[in-house]
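Morning, everyone. Please look at the structure on the screen, and I'll walk you through a few parts of it.

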Amino acid sequence: MLNKLKINENNQIQQIDSDLLKRKNIFLGVKRDDLLHPLISGNKWRKLKYNLAQMQALKKTELLTFGGAFSNHIHACAAAGKFFNIKTHGIIRGPELDPNNPTLLFAQQCGMQLHPITRIEYKQRSQSDYLTQLQSRFPNAYILPEGGTNKLALEGCKELALSLPKHDYLVCPTGSGGTLAGLIEGSSVNTTVLGIAVLKQADYLRDEIKALSPKAASQTNWQLLCDFHGGGYGKFSAELWQFCQYMKTEHQLPLEPIYTGKMMHALWQLIAQDYFAPGSKIIAVHTGGLQGLDGLKYRGLI
């Protein structure tokens with residue numbers, strides 16, 4: 001099944017060239033995982049890859065997952081469903097759905113069946129009894145957690161880390177912690193892996209990352225930086241949005257201010273503050289999510 005999808009895994013690393021980086025003697029390369037595929041890209045493909053293989057192995061014919069109304073994960077799963085001819089279900093945090101929401105419109109156009117539920121019910125999405133009920137209701141479905149993060153998701157992210165040229169630092173935006181955990185799994189002890197948390201009060205994620213990754217639990221060559229969330233998940237300042245526009249104009253690097261923009265803005269500040277020793281080689285992972293720009297425009301936020 002997976003062989004049908006043309007994934008561009010040519011290891012494209014875009015070097016960023018700026019006066020700041022020259023002055024600090026820092027190499028900054030961006031792993032353009034947003035270019036993996038037009039619709040199923042970045043960490044969403046990395047997380048889906050081995051889950052789709054497992055779904056096939058279990059002979060499940062439907063995919064069920066969870067997300068908010070503007071979820072990159074819902075967008076990617078819907079696209080995968082259309083491409084692989086899989087029936088998909090989205091359990092959407094509701095209770096009301098905006099029929100003009102661009103993410104949900106796309107999902108429906110791909111054939112995804114949307115099931116809006118109340119926020120109270122949505123809080124049960126990780127509870128075993130609730131998942132048992134859902135499995136009973138959708139017996140042919142392979143159930144994937146919100147954001148796609150589970151043990152199989154780590155394998156795809158680990159694969160990414162193993163594919164990279166030598167570097168001192170590997171950096172990614174962090175929401176659920178799955179991408180960071182997978183990168184830790186695939187990195188050597190000589191690499192420092194940094195996650196830039198995109199939500200407020202994200203310290204709890206450290207324990208979740210350790211639970212996902214044995215290497216994270218036993219090694220100290222990684223950190224989760226929690227001071228660059230810009231006000232919380234989905235929130236961002238005018239300064240951050242201006243930085244995203246600057247990176248696109250000056251460096252031909254498209255960013256959105258929810259994930260990748262926060263990561264690159266944090267990196268820019270850390271480099272300016274001499275967080276990294278001169279001569280350091282940094283690779284930042286562009287995890288995709290550019291479809292989120294349509295949702296921000298729709299809501300009048302950019």
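Let's start with Asp33, which sits in the loop between β2 and α2 (42-57). Helices (H or I, at least four residues) and strands (E, at least two) are DSSP runs, numbered from the N terminus.

Some ground rules. This is a predicted model, where local features need pLDDT of at least 70, side-chain atom pairs count only at pLDDT 80 or more, and totals for chains, interfaces and linings use all residues. Residues are numbered from 1 along each chain as its sequence is written, and side-chain values use heavy atoms, leaving out hydrogens and water.

Is Asp33 buried or exposed? Its relative accessibility is 1%, so Asp33 counts as buried. Buried means under 20% relative accessible area, exposed over 50%, partly exposed in between (1.4 Å probe, protein chains only). What does Asp33 touch? Contact means heavy atoms within 4.5 Å. Setting aside neighbours within four places in sequence, Asp33 contacts Ser41, Gly42, Arg46, Leu160 and His286.

Next, Ser71. UniProt lists Ser71 under "active site", in an unreviewed entry. UniProt positions are given in the numbering used here, feature names are shortened, and annotations may be inferred rather than shown by experiment. Ser71 lies in the loop between β3 (62-67) and α3 (72-84). Ser71 is buried too, at 14% relative accessible area. Not counting residues up to four places away in sequence, Ser71 touches Thr103 and Gln291.

Finally, the sheet. It is open, has 6 strands in the order β1-β2-β10-β7-β8-β9, and its pairing is mixed. Two strands pair if DSSP finds at least two bridges between them. β1 (13-16) and β9 (222-225) stand at the edges, each with a single partner strand, so one side of each has no neighbour in the sheet.
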